[in-house]
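Welcome! Please take a moment with the sequence and the 3D view below, and then we can walk through them together.

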Amino acid sequence: MQQLEHVWINGEFTVAQGETYFDLYNPSCAEVTGRIRLANTEDALRAIAAAKAAFVHWSQSRVDERLAVLQRMRDAMAACQDELLRAIIQEYGAPASRSAWMASYPVAVIDQVMQDLREFAFFTTVGKAQVKMTPLGVAGLITPWNSNAGFICGKLAAALAAGCTAVIKPSEMSGLQTHVVMKALHAAALPPGVCNIITGYGAEVGEVISRHPDVAKISFTGSTQTGKAILRNAADSFKRVTLELGGKSPTIILDDADLTTAVPLAIQAGFMNSGQACIAGTRILVPLSRKAECEEALRRAVAAIKSGDPLDPQTEIGPMVSEKQWQRVQKYIRLGLEEGARLLAGGEGRPENSGQGWFVKPTLFTDVDNNMRIAREEIFGPVLSIISYRDDDDAVAIANDTDYGLSALVLGSDARRAQRIGERIASGRVQINTLAHEAGAPFGGFKHSGIGREMGRWGIAAFMEPKALIS
Ligand code: NAD
């Protein structure tokens, strides 16, 4: 059993000062595989002080110096990819298709930030004014468990590119991944203090970071509920905030869609990362005129999906990350039945022969009304709802009738018409007949899905403030 004791502050590993340990589980067998010692308030204060001291020099660094540091960080993350892959599978059971991508994503996102930094306009002229983009200061980076290493590297690379220094508080459930990243950043010999990583509970360490007057910026990815708490805590010191929160994304299958291509995309969008993805397309909107046909195609596709051992290459859905998350998914499946939705595939309980792990059955409901709780609340598991619509206007109205606005998918044979529908959806990202990612484009949410944007030049600018020098 692995015992992880350290935080990484000012370029040095020290034993966390907290007295509490947090158990790390392998969700595929529901057994404890390790534990981490949690950092406390003193650790957080030390990390903030180190980042504040390092900001004096780092904020003045040249672009080529920042690129050199990012290159070392990128190479160190490339060197630990295999170790990271093992941690990702052990720590949250990502299935093979997903885990390989997640282990390589830190390198990809750092590469992207380096490209964006090379092209970034630090100065622009507006009439008599020279507008200079200046770094904000110490950035608090708080990440969730569902892609911990990727979020750490993406946020950190953008912060460093902007000239900010960072204090990172990863999810307490991601101790193994955090440990791999910490060792890699140490090996990359980042200038001491520009990046500090502390473990710890959100309610203690996360609160210290989001209230502290020496922290100028919070970049948070996680639940909408925690995002609200951070926004309130950050208000007193007027911190700039980027919040990447939850979603209840719509997939619209248009009445001219070819179901042989549309259904696999709809299923992939709904079940990505075992349904534990902020952008998961969990509301599938189908035309009333083709409802029975869509239901049957989607039912067959869901019934064919294998939920089980993440090491089996046939597996498309791995376990839920924790028992609490498993219970939550079960609760929503029961709720869907109580609300009057009709089950087409899956249901309560574990799939056959899946042992004691936190596995769930890929589940598909139909006859879902958009006012039902299963259509309004983020479940964060492989539970999809079919909602029927009358015409295009009705589809857009249902898609937009949600507190969230992170992502949407429109599927149809007439690409122009699909594009026009996409333009009417209130969401930070709309994909038309594709699930392709565009790393240099902004990413973030409307409404309760968040504030601000990450990725591309928008992601770097989010760690900066424009200053107008007029002469
Ligand atoms: P969470 O909100 O429970 O925790 C996220 C992080 O916040 C953890 O590090 C946690 O320790 C910390 N935290 C908790 N309370 C805090 C507080 N009071 N102050 C400061 N920090 C605090 O989220 P989770 O369960 O780890 O992740 C799942 C959620 O993340 C889902 O809702 C999902 O939609 C969302 N998510 C969003 C995106 C996006 O880009 N929009 C991406 C991935 C996940």
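How many salt bridges does a search of the whole structure find?

## Salt bridges

The search finds 27 salt bridges, each being a side-chain nitrogen of Lys or Arg within 4 Å of a carboxyl oxygen of Asp or Glu. One of them joins the side chains of glutamate 454 and lysine 155, at 3.0 Å from N to O. This pair links distant parts of the chain, 299 residues apart: lysine 155 is in helix α5 (residues 148-162), and glutamate 454 is in the loop between β20 (450-451) and α15 (456-461). Helices (H or I, at least four residues) and strands (E, at least two) are DSSP runs, numbered from the N terminus.

## About the model

This is a predicted model, in which local features need pLDDT of at least 70 and side-chain atom pairs count only at pLDDT 80 or more, while totals for chains, interfaces and linings use all residues. Residues are numbered from 1 along each chain as its sequence is written, and side-chain values use heavy atoms, with hydrogens and water left out.

## Around the ligand

A polar side-chain atom of threonine 226 lies 2.8 Å from a ligand oxygen, and a side-chain N or O atom of lysine 169 is 2.9 Å from one.

Definitions and conventions
A polar contact is a pair of N or O atoms within 3.5 Å; within protein, one must be able to donate a hydrogen and the other to accept it, and residues adjacent in sequence count only if both atoms are side-chain atoms.
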